[in-house]
Every structure is written in structure tokens, then in C-alpha cells.
Amino acid sequence: MHPHLTLHRHPMCAEIIEEFQKCHVDHPIKKFFGECTDLKIKLDRCFRQEKAVKRKANFEESMKFKERLQAYKKEMAEKENES
């Protein structure tokens, strides 16, 4: 099962999505017998790569946020100790 095939949500896979959708339109019966399977496999691989890229970016962003949070907590503790 794949996510919704919207081009704006999956810019890395847009070309494969278009090919896959065209295959389904061009082969309305054959699609049930494996005509578009190769494109489906390529699409799944593309989605996995896209997810890995997003996961890495989110992890890096969370690490930056964690560093800022630790700095803020340290600053607040220092201010509290001064009072």
C-alpha cells in the first residue's frame, strides 16, 4: 500500500507517480495482472528514499532544538541562582 499519490506532497517521486498513474489509465484491465508492477516497485523505492531524507532532516532539526532548549534551561538556572 502506498500513500496518496499527490504530486505536491512527493516532489522527489513526481515523475514516477505520473508514469504510474498513466499506466493505470492506459491499461485498465492489465493493471490487475501485473502490467504496472515494475513502476509500483520503483515508486515504493522512491517513497522509501524520500522518507529517509525527511527523517534525517527532522532528526537534525530536533537536535538543534534540543541544543537551544538546553541552553535556555542553563540560562534560566543561572538567572535563578543569581536571585
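## About the model

Residues are numbered from 1 along each chain as its sequence is written. Because this is a predicted model, local features need pLDDT of at least 70 and side-chain atom pairs count only at pLDDT 80 or more, while totals for chains, interfaces and linings use all residues.

## Two packed helices

Let's begin with the helices (DSSP runs of H or I, at least four residues, numbered from the N terminus). Helix H1 covers residues 14–26 and helix H2 residues 37–82; they pack at an angle of about 150°, with axes 10 Å apart. The axes are lines fitted to C-alpha atoms over the stretch in contact, and angles run from 0 to 180 degrees between N-to-C directions. H1 and H2 are therefore roughly antiparallel (an angle over 145 degrees).

Which residues of H1 make the contact (heavy atoms within 4.5 Å)? They are Ile16, Ile17, Glu19, Phe20 and Cys23, and they meet Leu39, Lys40, Lys42, Leu43, Cys46 and Phe47 of H2.

## Two disulfides

There are two disulfides, each a pair of cysteine sulfur atoms within 2.5 Å. Cys13 and Cys46 form one of them, with their sulfur atoms 2.0 Å apart. This pair links the segment before H1 to helix H2, 33 residues apart. Cys13 is buried (under 20% relative accessible area) at 0%, and Cys46 is buried at 6%.

Cys23 and Cys36 form a disulfide too, also with sulfur atoms 2.0 Å apart. Cys23 sits in H1 and Cys36 in the loop between H1 and H2, so the pair ties together parts 13 residues apart in sequence. Cys23 is buried at 8%, and Cys36 is buried at 3%.

Terms used. Side-chain values use heavy atoms; hydrogens and water are left out. Angles under 35 degrees count as roughly parallel, over 145 as roughly antiparallel, 65 to 115 as roughly perpendicular and the rest as oblique. Contact means heavy atoms within 4.5 Å. Buried means under 20% relative accessible area, exposed over 50%, partly exposed in between (1.4 Å probe, protein chains only).
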